[in-house]
Amino acid sequence: MDSSRKEGGIVQLVLVLGLITFVCALLLGFINAVTADKIKQNNENTRNEAMAVIMQDAESFEAVDVGEEWTAPEDKGQPAISGVYAAQAGGETIGYCVEVNPSGFGGTLTMIVGINTDGTVAGAQVTAHGETPGLGAKAQSDPNWITQFAGQPADGSLAVTKDGGTINAITGSTITSRAVTLGVNTAANCVASLG
Amino acid sequence: MKFKDQLKAGVILDNPIFMQTIGLCPTLATSTSLSNAIGMGVAATIVLICSNIVISALRRFIPDKVRIAAFITIIAAFVTTIDLALQAFVPSLAASLGLFLPLIVVNCIILGRAEAYASKNAVLPSALDGVCMGLGFTFALVLMGFFRELLGAGTFLAGLSTLLPFLSGVIPAEGFAIPFFNTNPVVMMILPAGGFLMLGFIFAAIQKIMAGKEDK
């Protein structure tokens with residue numbers, strides 16, 4: 001044990017703490033510069049993989065601009081959309097993939113929803129979430145649950161059975177199930193507004 | 001203090017969760033499954049070792065009056081560095097640990113060891129203290145996670161193959177289903193209330209075992 005602890009005057013306190021925070025800030029700035037591009041790339045890869053699974057016939061995806069009423073909605077109950085991508089095949093748009101962020105039980109979910117041009121849901125994938133393992137996390141991990149959205153009408157009318165709809169909620173995770181359903185509905189409404 | 005004694009202290013006699021009862025918040029939050037427990041335990045251990053080493057090395061340089069601010073800055077810098085590095089280079093691990101990493105900054109085990117040990121001892125013992133306390137924390141999490149996952153979801157090691165992709169051939173993504181528990185899951189055990197219950201049961205069991213030892 002050291003018995004001689006430093007006391008120090010005010011100048012020394014400021015200098016030492018300033019120096020420590022300065023070094024930490026430099027370090028973090030450096031790490032951020034090294035990793036920022038790579039992280040962006042990884043997030044794009046995750047999104048592209050999910051979109052390729054949902055829209056299997058698509059040859060390429062093209063980003064589409066949507067207005068602020070979708071990306072930063074005034075109604076706090078409406079989840080924000082962080083990206084819309086038109087799925088192209090043979091020079092035609094066969095559908096849209098929408099990245100939407102509804103609020104779940106454990107924070108915001110990030111999910112990709114595919115909407116076909118014929119007005120049906122092509123599919124959905126949860127790409128990031130903070131739901132309870134073994135309960136809400138099944139929205140991502142249980143492949144049999146999320147597939148029930150495929151083929152449903154994309155008119156914003158979907159609801160879980162508890163709310164009088166047709167979507168079977170995950171047992172014990174009604175909030176997560178509602179969030180995913182809301183995400184699909186919002187994506188459908190957004191695509192419908194594109195015409 | 002010898003490493004063996006330090007290890008025994010960290011894992012059993014002074015176990016951060018069961019004996020010192022610090023760091024209970026992350027324990028309750030991340031012990032919902034065995035794989036989460038392992039992930040959080042390992043991540044916290046790495047941060048603990050790093051922060052103990054740096055704080056011990058700077059212990060004569062940091063004035064007493066600003067030590068807490070200095071410790072938190074150093075810990076936060078480590079956590080952010082590890083978070084960003086994982087996101088960039090091991091995205092699968094970052095996806096499963098993403099929730100826990102920011103929690104480590106406010107994990108009082110790390111600040112507690114910085115204050116109680118690393119700021120008063122040399123670098124090597126401080127690093128070993130980090131290893132031992134980290135193991136103790138991981139041990140407690142694993143014990144909780146094992147029982148909560150078994151009782152609450154009826155599975156064993158679910159999600160470990162997402163955490164460690166090289167195991168995906170050995171362990172199915174949904175883990176091993178345990179007969180009986182699988183068909184009768186007590187969902188409450190993986191909810192927060194179940195965390196408190198399990199912690200209480202484990203505390204009781206440990207007190208019983210320790211009391212028995214003292215009698216002899």
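Q: What pattern does chain B follow, read along the sequence?
A: Along the sequence, chain B reads α-α-α-α-α-α-α-α-β-α-β-α. Helices (H or I, at least four residues) and strands (E, at least two) are DSSP runs, numbered from the N terminus. One heads-up: this is a predicted model, where local features need pLDDT of at least 70, side-chain atom pairs count only at pLDDT 80 or more, and totals for chains, interfaces and linings use all residues. Residues are numbered from 1 along each chain as its sequence is written, and chains are lettered from A and ligands numbered from 1 in the order in which they are written.

Q: OK, and how compact is chain B?
A: Its radius of gyration is 18 Å, close to the 17 Å from the globule rule for 216 residues, so chain B is as compact as a globular protein of that length. That radius is taken over C-alpha atoms, and the rule is 2.2 Å times the number of residues to the power 0.38. Along the principal axes, the C-alpha atoms of chain B fill a box of roughly 60 × 55 × 30 Å.

Q: How much of chain B is buried?
A: Buried residues are 43% of the 216 in chain B. Buried here means 20 or more other C-beta atoms within 10 Å of a residue's own, exposed means 12 or fewer, and partly exposed is in between, with C-beta atoms placed from the backbone.

Q: Now chain A. What order do the strands of its open sheet take?
A: The five strands go β1-β2-β3-β6-β7, with antiparallel pairing. Two strands pair if DSSP finds at least two bridges between them. β1(A) and β7(A) stand at the edges with a single partner strand each, so one side of each has no neighbour in the sheet.

Q: So is β7(A) enclosed or open?
A: Largely enclosed by the rest of the structure, because six of its eight residues (121-128) are buried. Six bridges join β7(A) to β6(A), and A:I112 stands opposite A:Q125. In the hairpin of these two strands, A:G119 takes a positive phi near 85°.

Q: What does A:T127 touch?
A: A:T127, which lies in β7(A), touches A:T46, A:R47, A:A50, A:T110, A:M111 and A:I112, not counting residues up to four places away in sequence. A:T127 is partly exposed, with 17 other C-beta atoms within 10 Å.

Q: Which helix lies across that sheet?
A: Helix α1(A), residues 10-54, lies across β1, β2, β3, β6 and β7 of chain A, at about 155° to β7(A). Axes are lines fitted to C-alpha atoms, for helices over the stretch in contact, and angles run from 0 to 180 degrees between N-to-C directions.

Notes
Two residues are in contact if their C-beta atoms, placed from the backbone, lie within 7 Å.
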